[in-house]
Amino acid sequence: MKTFLDDNFLLHSDAAKRLYHDHAKPQPVFDYHCHLPPQDIAADRQFENLFDIWLAGDHYKWRAMRTNGIPEEFCTGSAAPYDKFLAFARTVPQTVRNPLYHWTHLELLRHFGIDDLLDESSAPAIWDQANALLASPDFRVRKLLERSNVRVVCTTDDPVDDLAAHTTLRNDGGFTKMYPTFRPDKALRVDKAREFADWVVALEKRSGIECSSFGGFLEALDARHQAFHDLGGRLSDHGLSHCPTAYASTKKARKIYESAICGENAEAADADKFAGFMMLYFGHLDKERGWTKQLHLGAMRGNNSRAANALGPDTGFDSIGDWPQAQALSRYLDALDLDNSLPKTILYNLNPADNYVFATMIGNFQEGPAAGKIQYGSGWWFLDQ
């Protein structure tokens, strides 16, 4: 009997089948942007049940469940794992013709050999079958990555994060290599002085460098950049609504910094200038150490303030923004290029209205000897809507 997802799903010609099976499928995975917890990989975590590996922390599934009228208790709340799984199973049939429907069944088939369609009636048997497999050593994290032919994973890490998990995996060796990616978004948030000051304290502790002065702050970030480099990190990542539109002088940036660590929120114009200074600084660090910079542009975050305040960031309340991107992006890339400090860069945008802007912008800053020095990445967040 033909299953929903057979070996030729979406392959509608002999050429497509040949290209996929003979060439694409055997290729290893080098994942240069992900949010897998490095601690889970280092500890070779064994998941207790299908909820733990599949639903906990997955705000894409939560968005679909909320859309289907599922109460928050079954998304991020206190409901039992099995009850949350049943709520998701009840939602899945409503996602037909949506990539989430395909991803759900692809994961069940690829990892658990389950080709039944998930709904409320099939959920109990699928839960039991998947949980029995998850209890075996072959379903620990590292073995799952190996079976998926994942050779490299680049996690997303704040400069103040403990990188001990990366050290552990590096010492252990194994099939999958894991490297940290430098994500210093919080270094720009002088408009939220209290949070910024707390983050600076954490940076000071992690780096061992006093940050009471602006110079110390920059030195601490440089030291953490080097620490990432020493563990094999060669990527930075920046999540911005748009590139800065102005660039503070060192003197101005110092003044903004000193006010922020004393608890004074920067006005929007000053926050933009400070971000401009810092993004140029990060560009210099990346260029000096031969890194690749990733720019994720266009996300409008925390739109539902009531829910976001209650549940925190990255819980399913971000959306596509519609800021003008072209001029600010051009100015940023050009400012680094004028100083011969433009690193290899990957640009991602969320708003499809900007596709042509980003696709044509990359051609302005290509140069040898690097082929494809500036590349266009794929911002895929909202395919599941």
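Which residues do ring pairs link into a cluster? They are F196, W199, F214, F217, Y257, F274 and F277.

The model is predicted, with local features needing pLDDT of at least 70 and side-chain atom pairs counting only at pLDDT 80 or more, while totals for chains, interfaces and linings use all residues. Residues are numbered from 1 along each chain as its sequence is written, and side-chain values use heavy atoms, leaving out hydrogens and water.

**View 1. The aromatic pair of F182 and F282.** The whole structure holds 19 aromatic pairs. Rings of Phe, Tyr and Trp (its six-membered ring) pair if their centres lie within 6.5 Å; planes under 30 degrees apart count as stacked, over 60 as edge-to-face and the rest as tilted. F182 and F282 have ring centres 6.1 Å apart and planes at 70°, so this pair is edge-to-face. Because F182 lies in strand β3 (residues 177-182) and F282 in helix α13 (residues 268-288), the pair ties together parts 100 residues apart in sequence. Helices (H or I, at least four residues) and strands (E, at least two) are DSSP runs, numbered from the N terminus. Both F182 and F282 are buried; buried means under 20% relative accessible area, exposed over 50%, partly exposed in between (1.4 Å probe, protein chains only).

**View 2. The aromatic pair of W199 and F217.** W199 belongs to helix α10 (residues 193-207) and F217 to helix α11 (residues 214-230), so the pair ties together parts 18 residues apart in sequence. W199 counts as buried at 6% relative accessibility, and F217 at 0%.

**View 3. Charged end of R147 over the ring of F139.** The distance to the ring centre is 4.6 Å. A charge sits over a ring if NZ of Lys or CZ of Arg is within 6 Å of the ring centre and within 35 degrees of the ring normal.
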